[in-house]
Amino acid sequence: MIFHELKGGGFTIVYSHYICDRSVTLEARSNAPVTEFQLACKNNAHFHRAGLGEVYMLEKQFNLFHTPYWETSCDLHEGNEYATLVITFEIAYLEKLAPHFPFLDVFLQQVEEQTPALLSDIYNYANIQMMGIAHDILYGDFSAQVKNLYVEAKVIELLIQALDKVGHFHSNTAARIVLRPYDIERIKEAAELLIQNMDNPLTIVELAHRVGLNDYKLKKGFKQIYGTTIFNYFMSARMERAKSLLEETNIPIMDIAYQTGYRNISNFITAFRKNFGGSPGSLRKR
């Protein structure tokens, strides 16, 4: 088990990482009210929360919860790995953002009344940018003097991304298509195939054939779940992969370009500069 806790101005971050050699049920209780953002970083999460009942979150789904007291139990199964990012917020922190997100104001009214509440009835999926921010919060390499400032900036960035995604989802209700559990699993498989075949990208037609969906449902469903197009998701993923390889390995930049699907180093450098504001070489020199 790995457990991290970070405190900031108006929030507390808790990151839990479990590798289970046996099935267990974790339980926790507190008489204090809790308002928290939860992101299932690794594996699906199933827990019971007093006031909300049974909660099922698929990997990379997120939501904002409130309960007037905290009584929860979570099932972890043998042979599985789980990771969860939880950010507990003071109400004043969230109130600063309410004028920009009307649906957040509705949630905060329920909080004020001490009523159990979910920000969204739908568990939205974190996009590549959100997962990257979560990674930066946990693993950003800064001195102690700068770390707190960096985490403060990243938490507000993650929250704004999450609220914008929820707002976009609710404002496009009419444009959504019906997705069965089978469709959702196939779309998640498509996202995984994009990452696995980064060095030799699949076309949308090939991707649809591999997962057993028609290309229309794949494109519409993918955007509905991940909040972006297949192309933009893939482009963001390959840039995040390149950034990680530059920061964590000594692999030559030319080889990193090939591993992320670029056959022309100039195109890779241009795309990297557009995403991160500097060249791959400048990032490696930090």
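This note walks through a predicted model point by point, from its open spaces to its sheet and helices.

1. **Ground rules.** Residues are numbered from 1 along each chain as its sequence is written, and side-chain values use heavy atoms, with hydrogens and water left out. Because the model is predicted, local features need pLDDT of at least 70 and side-chain atom pairs count only at pLDDT 80 or more, while totals for chains, interfaces and linings use all residues.

2. **The largest pocket.** Two or more lining residues come from each of β2 (11-19), β4 (34-42), β9 (81-89), α3 (128-139), α5 (181-196) and α8 (230-248). By class, the lining has 14 nonpolar, 5 polar and 13 charged residues. (Pockets and cavities are found on a 1 Å grid over the protein atoms alone: a cavity is a set of points where a 1.4 Å probe fits but cannot get out, and a pocket is an open set with protein on both sides within 12 Å along at least five of seven lines; lining residues have an atom within 4 Å of a point. Points are joined across faces, edges and corners, and a volume is the space filled by probe spheres set on them. Helices, H or I of at least four residues, and strands, E of at least two, are DSSP runs numbered from the N terminus. Ala, Val, Leu, Ile, Met, Phe, Trp, Tyr, Cys and Pro count as nonpolar, Asp, Glu, Lys and Arg as charged, and the others, Gly among them, as polar.)

3. **The cavity.** The structure holds 1 cavity of 30 Å³ or more, and the largest cavity has about 30 Å³ of space. Around the largest cavity you will find Phe37, Phe62, Asn63, Leu64, Leu119, Leu159, Ala162 and Leu163. Both β7 (61-67) and α4 (144-171) give two or more residues to this lining. Its classes are 7 nonpolar, 1 polar and no charged residues.

4. **An open sheet.** Four strands form an open sheet in the order β3-β8-β5-β6, with antiparallel pairing; two strands pair if DSSP finds at least two bridges between them. At the edges are β3 (24-30) and β6 (53-57), each of which pairs on one side only. On average, neighbouring strands of this sheet are turned by 20° against each other, direction ignored.

5. **Cysteine 74 in the sheet.** β3 and β8 are joined over 7 bridges, while β5 (residues 45-49) and β8 (residues 70-76) pair over 3 bridges. Cysteine 74 of β8 is the bridge partner of leucine 26 and also of phenylalanine 47.

6. **α8 against α10.** α8 packs with α10 (residues 265-276) at an angle of about 95°, their axes 10 Å apart. The two helices are therefore roughly perpendicular, a label for angles of 65 to 115 degrees (under 35 is roughly parallel, over 145 roughly antiparallel, the rest oblique). Axes are lines fitted to C-alpha atoms, for helices over the stretch in contact, and angles run from 0 to 180 degrees between N-to-C directions. Met239, Glu240, Ala242, Lys243 and Leu246 in α8 meet Phe268, Ala271, Phe272, Asn275 and Phe276 in α10, where contact means heavy atoms within 4.5 Å. This contact has 7 nonpolar, 1 polar and 2 charged residues.

7. **α6 against α7.** The axes of α6 (residues 204-211) and α7 (residues 215-226) come within 9 Å and cross at roughly 95°, so α6 and α7 are also roughly perpendicular to each other. Ile204, Leu207 and Ala208 of α6 make the contact with Asp215, Leu218 and Lys219 of α7. By class, that gives 4 nonpolar, no polar and 2 charged residues.

8. **Arginine 186.** Which helix holds arginine 186? Its place is in α5. Arginine 186 touches Val211 and Leu213, not counting residues up to four places away in sequence. Arginine 186 and leucine 213 are 27 residues apart in sequence, with 7.5 Å between their C-alpha atoms.
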